[in-house]
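The sequence and the structure are shown first, and the account of the packing follows.

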Amino acid sequence: MAEERLDVSEAQIASHWKEEGYYPPSSKFVAQANMTDEKIYDRMALENVPDCFKEYADLLDWYKYWDEILDTSDAPCYKWFKGGLINASYNCIDRHLAKNRNKTAIHFVPELEEERVQHVTYQELWVRVNEFTALLQDFCGLKAGDRVTLHMPMTAELPITMLALCRIGVIHSQVFGGFSGKACADRIVDSQSEVLITMDGYYRGGKIMDHKIKANEACDEAAKQGQTVKKVLIWQRHPGKYSAETPMVEGRDFIVNDLLKNYYGKRVEPVKMPAEAPLFLMYTSGTTGKPKGCQHGTGGYLAYVTATSKYVQDIHPEDVYWCMADIGWITGHSYIVYGPLALAASSVIYEGIPTYPDAGRCWRIAQDLGVNIFHTAPTAIRALRKVGPDEPAKYDYYFKHMTTVGEPIEPEVWKWYYEVVGKGKAAIVDTWWQTETGGFLCSTLPGIKAMKPGSAGPGMPGIHPIILDDDGNEVPSGEGKAGNICIQNPWPGMFQTIWGDRDRFVSNYFKRYCKDPNSKDWRDWPYLTGDAAIMAEDGYVRILGRIDDVINVSGHRLGTKELESAALVVEEVAEAAVVPIKHEIKGVEPDMFIALKPGYEPSEEIIAKVQKALIDEIGPIAKARKVWIVPDMPKTRSGKIMRRILAAISNNTDVGDTMTLANPEIVEAIQEMAKKFDKK
Ligand code: WTA
């Protein structure tokens, strides 16, 4: 999250979004839900923090129970479950063997449909993790506390690698596979990794990509910055065959499948790690400055993601759970790997593009594997709605539960997800949280609370959100006023620090509202999320987006999301993005970019409809300077729309680096359009 959040002087945004009605979960869902006891909210009330989190820690197996639930002596760098000894690999694998040895832990779905799905049982996972751990220990000489960078695509080998590393207390730092070698290098350098683990290739859009080339780039660049990678371990996408064209570097690069032969049958006892030992780093980029390595601990993090997977995702061991995120993001760490596997679920890992080879692919996977819990992001939901609005109905699957995460979901899109994807039967949770927070902050508990489209829901049990204005006063709920959403208390899933930069950790997330910088009392250290939000009377929170995503038109502060949501009311619109344009009088005015659903041609009529919707839903103040119909939005690899680039095009300024985009080619197409508009 960005540093510039601290520069925002005014948090209040008028909200024009209407509150939607409630959708109660079905009685069928409630009857089987893991959590239906409303008293959990009382048990985990603010006055019961931190002791209430014992309930979560008790879902895990400990070698030694902790002495102190929360050590605040170095606030706001907290230590959870101090004195406890635990191992994450043991909790995700070994402890399930007695009952679930033959159960599938991971369904790996290759992108090409002609390649068979791999089903890795818990027993097989245990064997493969043990052998790989032996290799890491013996061949690489790795030990607890070392850092290893991973740059792996979505395959079963990725969680195998993570679980092998944490088995001996090595801290993993997985870099999203779609990122460049340079991005990987920056993270290698920051974490001082001497070992890089990667794969030769993976499938994307039907073709095998040479991924090994990025390892070479990463090592070269890291060396320039003074960090030598001594060993590169390369998994083979097709074991026994090298799928990349980039040559191996003698003495540095090693094929995992060749080395592994020396470790067949080897077993490595999990290392008993202190609860507060770091489990992994997850880098997240602000818009300025170098990426921040969010450091997550072992016991606290694992307890939090296990409990939230159980109560919010409603995972039972017999469920087939599919989270479509990439493991390279926090969602994948918490809710593909650690949470689901700690609960002995079957977790689906899909290699490729959700719409490859056609718009029905996701629903075929769901049907064929019997997926009953589905988890994705609004960007994917909008894309699926755009390319195949009628596809879900053609497949025979049943979702009891669905999740949305990553950005606010427009009520129109929520309703499509509910009616068409969930066939009106699934309970939906809209989970609001961050890389930094490890797990969910706001969401409904699906067996207890009704859903409300567009609202994430109340604070999770034990999470106590508060909306503060710029002076640190609480913005009361129910008044339709927005402010900075903060969390009043620590919780076990929160990150421990920014790797190697405690000052940045404190100044970015706590300084703003800290009551006393010398205090050892957590009550003095509210956590600043950097998001703007509104709390309704019922305590449900509506996230408006990053504080810096606010547009100020003639003194009226409009959230980009509310403008975009208004445009999505128009039938033909699939996606919308708003950017501020400088205007002499109004300060700024909005430019609206829209992409259409298939089958619709751009027309003046659609543009007029969008303008009307902005006026009807929000007011004349929201009318756009211009509505652009674009073939697609520039998006990051994780699917977030890059408004910065659209804004640069609209404002005629430099678009900057577009290489991190998933679709850099779209930028030129939009620039061409803009030139034509300027000539008019
Ligand atoms: C946004 C992803 C609205 C928010 C887990 C947050 C959301 C940022 C939601 C973190 C949601 C995430 N509703 N906004 N359900 N979930 N966000 O670190 O602005 O990739 O601060 O973590 O995404 O993104 P990150």
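For helices, an axis is a line fitted to the C-alpha atoms over the stretch in contact, and angles between N-to-C directions run from 0 to 180 degrees. The model discussed here is predicted.

**Helix packing**

Two packed helices are described by the angle between their axes and the distance between the axes.

| Helix pair | Crossing angle | Axis distance |
|---|---|---|
| H6 (residues 122–138) and H7 | roughly 60° | within 8 Å |
| H7 (residues 157–167) and H12 (residues 330–342) | about 60° | 12 Å |
| H14 (residues 378–387) and H15 (residues 411–421) | roughly 70° | within 10 Å |

The axes of H14 and H15 cross at roughly 70°. Because angles of 65 to 115 degrees count as roughly perpendicular, H14 is roughly perpendicular to H15. H14 contributes Ile381, Arg382, Leu384 and Arg385 to this contact, and H15 contributes Val413, Trp416 and Tyr417. Five of the residues in the contact of H14 with H15 are nonpolar and two are charged, with no polar residue.

Helix H7 takes part in two of the tabulated pairs, one with H6 and one with H12. The axes of H6 and H7 cross at roughly 60°, which makes H6 oblique to H7. The crossing of these two helices is right-handed. On the H6 side, the contact is formed by Leu125, Trp126, Arg128, Val129, Asn130, Phe132, Thr133 and Leu136. H7 supplies Glu157, Ile160, Thr161, Leu163, Ala164, Leu165 and Arg167 to the contact with H6. By class, nine residues of the contact of H6 with H7 are nonpolar, three are polar and three are charged.

H7 and H12 pack at an angle of about 60°, which makes H7 oblique to H12. H7 passes H12 in a right-handed crossing. Here H7 uses Pro159, Met162, Leu163 and Cys166, while H12 uses His333, Val337, Tyr338 and Leu341. The contact of H7 with H12 comprises seven nonpolar residues, one polar residue and no charged residue.

**Sheets**

Strands of a sheet pair through backbone hydrogen bonds, either parallel or antiparallel. An open sheet of seven strands has mixed pairing and the order E5-E4-E17-E16-E18-E19-E20. Its edges are formed by E5 (118–121) and E20 (427–431); each has a single partner strand, so one side of each is left without a neighbour in the sheet. Neighbouring strands of this sheet are turned by 20° against each other on average, direction ignored. Within it, E4 (residues 104–109) and E17 (residues 346–350) are joined in the parallel sense over four bridges. Ile106 stands opposite Ser347 in E17.

An open sheet of four strands, in the order E21-E22-E24-E25, has antiparallel pairing. E21 (465–468) and E25 (541–546) are at its edges, each with a single partner strand, so one side of each lacks a neighbour in the sheet. E21 runs antiparallel to E22 (residues 482–487), and four bridges join them. Pro465 has Ile487 of E22 as its bridge partner.

**Annotated segment**

An unreviewed UniProt entry places the feature "domain: Acetyl-coenzyme A synthetase N-terminal" at residues 45–92. Over residues 45–92 the chain is 19% helix and 21% strand, and the end C-alpha atoms are 29 Å apart.

Note on methods:
Residues are numbered from 1 along each chain as its sequence is written. This is a predicted model: local features need pLDDT of at least 70, side-chain atom pairs count only at pLDDT 80 or more; totals for chains, interfaces and linings use all residues. Side-chain values use heavy atoms; hydrogens and water are left out. UniProt positions are given in the numbering used here, feature names are shortened, and annotations may be inferred rather than shown by experiment. Angles under 35 degrees count as roughly parallel, over 145 as roughly antiparallel, 65 to 115 as roughly perpendicular and the rest as oblique. A crossing is left-handed if the near helix is turned anticlockwise from the far one by less than a right angle, and right-handed if clockwise. Contact means heavy atoms within 4.5 Å. Ala, Val, Leu, Ile, Met, Phe, Trp, Tyr, Cys and Pro count as nonpolar, Asp, Glu, Lys and Arg as charged, and the others, Gly among them, as polar. Two strands pair if DSSP finds at least two bridges between them.
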